[in-house]
Amino acid sequence: MAILLPKIHWGFIGCGEVTEKKSGPAFSLVKDSDVVAVMSRTMEKAKSYAERHNIPRWYTDPQELIDDPEVNAVYIATPPSTHATYAIMAMKSGKPVYVEKPLAHNYEDCARINRISEKTGIPCFVAYYRRYLPYFQKVKEIINSSTIGRIINVQIRFSAPPRDMDYNATNLPWRVQPDIAGGGYFVDMAPHQLDLLQWMFGPITEAEGYCSNRGGLYKTEDTVSACFRFHNGLPGSGSWCFVGHESAKEDRIVVIGNNGQVCFSVYNYTPISLYTEKGHETLEIPNPPHVQLPLIQLIVEHLQQTSICTCDSNSVTSVNWVMDRILGKF
């Protein structure tokens, strides 16, 4: 039976950087949605966040937040290693979940989440919000309209220099600690790219990769090359480098058709470049200031049974399957 919540009162597990602008404010901008509690294992952080954002209650224990009788939906904004645990705790308590990407730190944990969601009938949504942004909606419209003809190849190209914190060997960021993140920066950056492509072209059913550590700044992979194929036979490839030179930064996906191509970024939102027999055209498509707002609004409407959100744990588990294949985990 579908769950019905006329008003959604959110509890946040985790209150890091992503919640400050990308997601946090959006929960209270949606009609019949508000935030009533927040949790961090650090008391000072939880209290400060609650006070700054006018949230009534704060906790240092995730179970206490889940058990809060006023909380009827849970947003999980912690590193990937805890996503499955907290999502399952919330669903077993009868509370819908919205989880930051990736769904979990490996494919097996994604499958665990799906089993509990199916058993309890409680939905688990995932923050692949780029699907719902005007910028990427426009890219999909171009592809579906056959403006560039039949699609024959897809390429992901990403390169970035090391971050300042990557040089601190005694206090490395959690995103390059595999027991917390599931891998290095690839596991942090590639999910949005892979989800967008599967949203546009269907599931990837074959994937292989080569991983290396070229910079020596941390133990996890910092350079990844991959090839993959979608269920319809469309081939694709990807190249990720997180120790590149500043002058060679790149954030680009190229979709090649037999009548042209479209190029777009995933993180920088640079103007969409369209190449056809008519020439080169650039399209500037603005996004809302709180980029998760369109998806959060759809989730609220889903829980109110006035709309349907398909960005759930079942639909995105394939992203983790592809990443695990590329990283050689199975």
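Aromatic pairs number 20 in this predicted model. Rings of Phe, Tyr and Trp (its six-membered ring) pair if their centres lie within 6.5 Å; planes under 30 degrees apart are stacked, over 60 edge-to-face and the rest tilted. The Phe12 and Tyr75 rings have centres 5.0 Å apart and planes at 80 degrees, so this pair is edge-to-face. Phe12 belongs to strand S1 (residues 8-13) and Tyr75 to strand S4 (residues 73-76), so the pair ties together parts 63 residues apart in sequence. Helices (H or I, at least four residues) and strands (E, at least two) are DSSP runs, numbered from the N terminus. Phe12 and Tyr75 are both buried. Buried means under 20% relative accessible area, exposed over 50%, and partly exposed in between (1.4 Å probe, protein chains only).

Phe136 and Phe264 form another edge-to-face pair, at 6.2 Å centre to centre and 75 degrees between the planes. Phe136 lies in helix H6 (residues 134-144) and Phe264 in strand S12 (residues 260-264), so parts 128 residues apart in sequence are tied together. Both Phe136 and Phe264 are buried. A cluster of ring pairs links Trp10, Phe12, Phe27, Tyr49, Tyr75 and Tyr98.

Residues are numbered from 1 along each chain as its sequence is written. Local features need pLDDT of at least 70, side-chain atom pairs count only at pLDDT 80 or more, and totals for chains, interfaces and linings use all residues, while side-chain values use heavy atoms, with hydrogens and water left out.

The structure holds 13 salt bridges. Each is a side-chain nitrogen of Lys or Arg within 4 Å of a carboxyl oxygen of Asp or Glu. Asp68 and Arg57 meet in one of them (2.8 Å, N to O). Asp68 sits in the loop between helix H3 (62-67) and S4, and Arg57 in strand S3 (residues 57-59), 11 residues apart. Asp68 is buried at 4% relative accessibility. Arg57 is partly exposed at 23%.

Glu206 and Arg229 form a salt bridge (3.0 Å, N to O). Glu206 is in strand S8 (residues 204-212) and Arg229 in strand S9 (residues 223-230), 23 residues apart. Glu206 is partly exposed at 39% relative accessibility, and Arg229 is partly exposed at 37%. Salt bridges with shared partners join Arg57, Asp68 and Glu70 into one network.

Arg175 and Asp188 also meet in a salt bridge (3.2 Å, N to O). Arg175 lies in the loop between S7 and H7 and Asp188 in helix H8, so the pair ties together parts 13 residues apart in sequence. Arg175 is partly exposed at 26%, whereas Asp188 is buried at 14%.

The largest pocket holds about 1,500 Å³ of space. Its lining has 49 residues, and Glu17, Val18, Trp174, Arg175 and Asp188 are the closest to its centre. On a 1 Å grid over the protein atoms alone, a pocket is an open set of points where a 1.4 Å probe fits, with protein on both sides within 12 Å along at least five of seven lines; lining residues have an atom within 4 Å of a point. Helix H8 (185-201) is among the elements that supply at least two lining residues. The largest share, five residues, comes from H8.

The second largest pocket has a volume of about 240 Å³. Of its 17 lining residues, Gly121, Ile122, Pro123, His302 and Asp312 are the closest to its centre. Helix H5 (107-120), strand S6 (124-126) and helix H10 (313-326) each give two or more residues to this lining.

How values were computed
Grid points are joined across faces, edges and corners, and a volume is the space filled by probe spheres set on the points.
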